[in-house]
Amino acid sequence: MSEHQWNAVEGYFAPLLAPHDDVLDAALRASDAAGLPEIAVAPTEGKLLHLLAQTQGARRILELGTLGGYSTIWLGRALPADGRLVSLEADATHAEVARANLDRAGLSGVAEVRVGPALDTLATLVADGTEPFDLVFIDADKPNNPHYLEWALRLTRPGSLIICDNVVRGGKIADAASAEPAVQGTRRCLEMMAEHPRLSATAIQTVGSKGYDGFALARVTS
Ligand SMILES: C[S@@+](CC[C@H](N)C(=O)[O-])C[C@H]1O[C@@H](n2cnc3c(N)ncnc32)[C@H](O)[C@@H]1O
């Protein structure tokens with residue numbers, strides 16, 4: 001199996017099953033024009049997030065790591081008109097691009113981007129007694145993944161879904177001795193998902209235009 005084949009299959013799947021419209025195209029174009037890194041989820045993963053949110057009947061979604069709002073649009077489009085999406089972003093420029101993209105997507109009424117380190121905003125959300133979220137998408141700085149999972153547990157309810165992105169890292173995740181903080185943070189997060197009495201979890205490997213990676217899914221059971 002070669003990267004060429006992964007890309008060919010994605011080139012078939014994405015336009016067929018996760019086709020872009022003008023809004024999604026414009027979101028990526030605007031992100032690119034503003035110099036944001038090309039690290040948004042692939043269209044097929046965006047569609048997966050959308051389907052998971054719909055399957056979940058999600059009314060409230062929390063996202064950690066907005067970038068230009070590409071995944072935010074896929075998630076936000078799964079919400080009912082009175083739904084709520086809170087997306088946390090440390091970088092003010094990323095947040096500004098995302099807000100414009102969400103505006104163009106007609107999602108400003110349901111989706112809000114909060115600027116600042118996610119750990120600070122998460123503490124504020126808990127202190128404010130924020131209603132639980134039905135789905136949490138963790139896609140920010142990977143060394144903090146264990147802390148994000150802990151906060152996600154405080155901000156969810158039984159039946160909520162927690163998704164953590166980029167858990168394979170080109171296969172490095174299997175290296176227990178890795179010196180990379182992103183690998184160690186993600187390994188700890190996966191171990192917490194496995195051990196936690198209130199979580200039932202799995203992880204899936206993926207290939208495609210974003211290389212060899214994957215995501216973990218955890219359901220809050222009680
Ligand atoms: C992988 S990108 C998010 C991609 C986005 N979810 C998508 O698929 O379209 C990660 C984002 O997390 C942000 N980030 C990094 N560290 C952060 C932190 N401590 N708190 C909040 N956001 C952070 C980065 O600025 C970046 O925009």
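Tutor: A polar contact is a pair of N or O atoms within 3.5 Å. Keep in mind that the model is predicted.

Student: Which residue places a polar side-chain atom 2.8 Å from a nitrogen atom of the ligand?

Tutor: G65 uses a backbone N or O atom, which lies 2.9 Å from a ligand nitrogen. The polar side-chain atom at 2.8 Å from a nitrogen atom of the ligand belongs to D139.

Student: How much of the accessible area of the ligand does the protein cover?

Tutor: On its own, the ligand has 610 Å² of accessible area. Of this, the protein covers 87%.

Student: Which elements give two or more residues to the shell around the ligand?

Tutor: The ligand takes up the space of the largest pocket. By class, its shell has 12 nonpolar, 5 polar and 5 charged residues. The elements that give two or more residues to this shell are α4 (70-76) and β2 (84-89).

Student: Is S71 buried or exposed?

Tutor: S71 lies in helix α4, and its side chain makes a polar contact of 2.5 Å with the side chain of E63. Buried means under 20% relative accessible area. S71 has a relative accessible area of 5%, so S71 is buried.

Terms used
Residues numbered from 1 in each chain as written. Predicted model: local features only at pLDDT ≥ 70, side-chain atom pairs only at ≥ 80, totals over all residues. Heavy atoms only, no water. Polar contact = N/O pair within 3.5 Å; in protein donor to acceptor, adjacent residues only side chain to side chain. Areas by Shrake-Rupley, 256 points an atom, 1.4 Å probe, with all protein chains shown as cover. 1 Å grid on protein atoms, 1.4 Å probe; cavity = no way out; pocket = protein on both sides within 12 Å on 5 of 7 lines; lining within 4 Å. Sits in = over half its atoms within 2 Å of the grid points. Helix = DSSP H or I, 4+ residues; strand = E, 2+ residues; numbered from the N terminus. Nonpolar A, V, L, I, M, F, W, Y, C, P; charged D, E, K, R; others polar. Buried < 20%, exposed > 50% of the residue type's maximum accessible area, 1.4 Å probe, protein only.
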